[in-house]
Amino acid sequence: MASDERVLIAGAGPVGLVAAANLVRRGVPVTVLEAGPDLSDESRASTFHPPTLDMLDRLGAAQPLIAQGLTAPAFQYRTKQHGILAQFDFGAIADATAHPYRVQCEQSKLTRILYEQLRDKPNFELEFDSQVEGVTESSSGVEIAIKRKGRAVSRSGRWLIGADGARSDVRRSLGIAFDGFTWPERFLVVSTPFDFRTVIPDLVAVSYVTDPVRWHFLLQIPGLCRVMFPVAADESDELALSRGFAQSLMATLVPGISNYEIAHVTLYKVHQRVAKTFQLGRAFLVGDAAHINNPLGGMGMNGGIHDAINLTSRLVEVWQGTTAGAELERYDKQRRLVTLEYIQKQTIQNKRNLESDGTEFRRSLRQIAADKRHTYEYLLRVAMIASLRRAQELG
């Protein structure tokens with residue numbers, strides 16, 4: 001099989017387009033295959049961590065994203081009974097990042113920023129309505145069977161990157177297991193233009209409120225506040241998606257305030273899963289195709305972008321002949337282990353902290369906040385800098 005001299009990427013979400021941008025800027029031809037008819041408008045992930053902004057800055061995408069987003073230098077934990085338990089400022093790790101803050105902005109904004117930067121590049125192609133149906137590999141490349149508007153077509157390349165989400169057709173075609181579990185509860189996100197900062201004293205843009213019965217999470221993005229609640233297994237989807245149910249939950253946030261203006265409501269299942277391998281021959285998995293987790297802490301999309309930069313930086317070196325092909329095996333070794341050691345463990349612990357009675361968690365937060373070294377190490381973990389350093393240690 002003669003392969004085209006390019007890298008194929010399945011999926012034009014933020015992870016797929018970051019992978020494309022990092023390859024194209026280094027002279028590697030790329031074809032992105034997107035199953036949908038256009039770039040997605042879904043807001044979904046909306047938190048960009050400090051090291052992710054550092055990476056996007058090298059791609060020329062950080063400043064446009066910051067301009068469209070909301071800068072969040074601090075985050076806090078609260079309870080309804082005690083108010084603020086602890087607040088942490090990313091300024092404490094300013095020596096470890098050029099962007100000591102989070103940016104709150106819908107992921108769809110990033111995909112459009114990257115697409116506008118890439119669309120006229122001679123080494124970049126994006127083909128919509130292109131769903132992966134199968135993957136065949138040879139010693140020199142891969143060939144993808146594609147379904148496009150009812151027609152069967154194919155594309156070939158030297159490598160394939162599967163960035164096509166949690167239901168990845170690439171992962172399915174390769175027969176890679178997606179081990180893990182699904183939480184019994186679902187998460188409901190209620191978006192409202194109401195500004196809670198006008199009625200909750202000292203509220204910052206990112207605020208987690210612990211409660212053993214029904215915790216919630218307040219996340220401010222430009223023009224909206226996204227409020228997340230858990231929905232119990234015995235509460236039906238039909239009930240959870242009703243406006244009355246959303247209003248009943250919103251009415252518990254601030255005494256005396258009800259009947260909020262609701263922009264939209266989203267209900268989704270929550271998983272913790274990691275692919276058995278992130279590489280099979282000339283095909284790789286990144287982002288949600290490789291791992292999914294609950295959204296508390298904003299580590300899913302960020303971890304996917306870190307995957308994309310790690311992998312494509314190695315692909316560039318192999319493409320240019322400065323490194324042997326065996327270098328690509330380090331991607332799976334580094335990113336899969338870091339996903340298991342950091343992202344999965346941290347997001348599971350984040351959920352457990354929020355649904356606890358807060359006693360032990362409150363004690364732990366006070367100990368962290370009382371010691372500068374503990375605060376520094378904690379912020380490195382939360383900001384996902386520690387996981388990147390661990391990956392480097394793995395060699």
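How are helix 9 and helix 12 oriented to each other, and why?

A: This is a predicted model: local features need pLDDT of at least 70, side-chain atom pairs count only at pLDDT 80 or more, and totals for chains, interfaces and linings use all residues. Residues are numbered from 1 along each chain as its sequence is written, and side-chain values use heavy atoms, without hydrogens or water.

Helices here are DSSP runs (H or I, at least four residues), numbered from the N terminus. The axes of helix 9 and helix 12 come within 9 Å and cross at roughly 140°. Axes are lines fitted to C-alpha atoms over the stretch in contact, and angles run from 0 to 180 degrees between N-to-C directions. The two helices, helix 9 and helix 12, are therefore oblique to each other. Angles under 35 degrees count as roughly parallel, over 145 as roughly antiparallel, 65 to 115 as roughly perpendicular and the rest as oblique.

Now the contact, meaning heavy atoms within 4.5 Å. Helix 9 brings Q334, R335, L337, V338, E341 and Y342. Helix 12 brings A386, S387, L388, R390 and A391. By class, the contact of helix 9 with helix 12 has six nonpolar, two polar and three charged residues. Ala, Val, Leu, Ile, Met, Phe, Trp, Tyr, Cys and Pro count as nonpolar, Asp, Glu, Lys and Arg as charged, and the others, Gly among them, as polar.

Helix 8 supplies the largest share, six residues.
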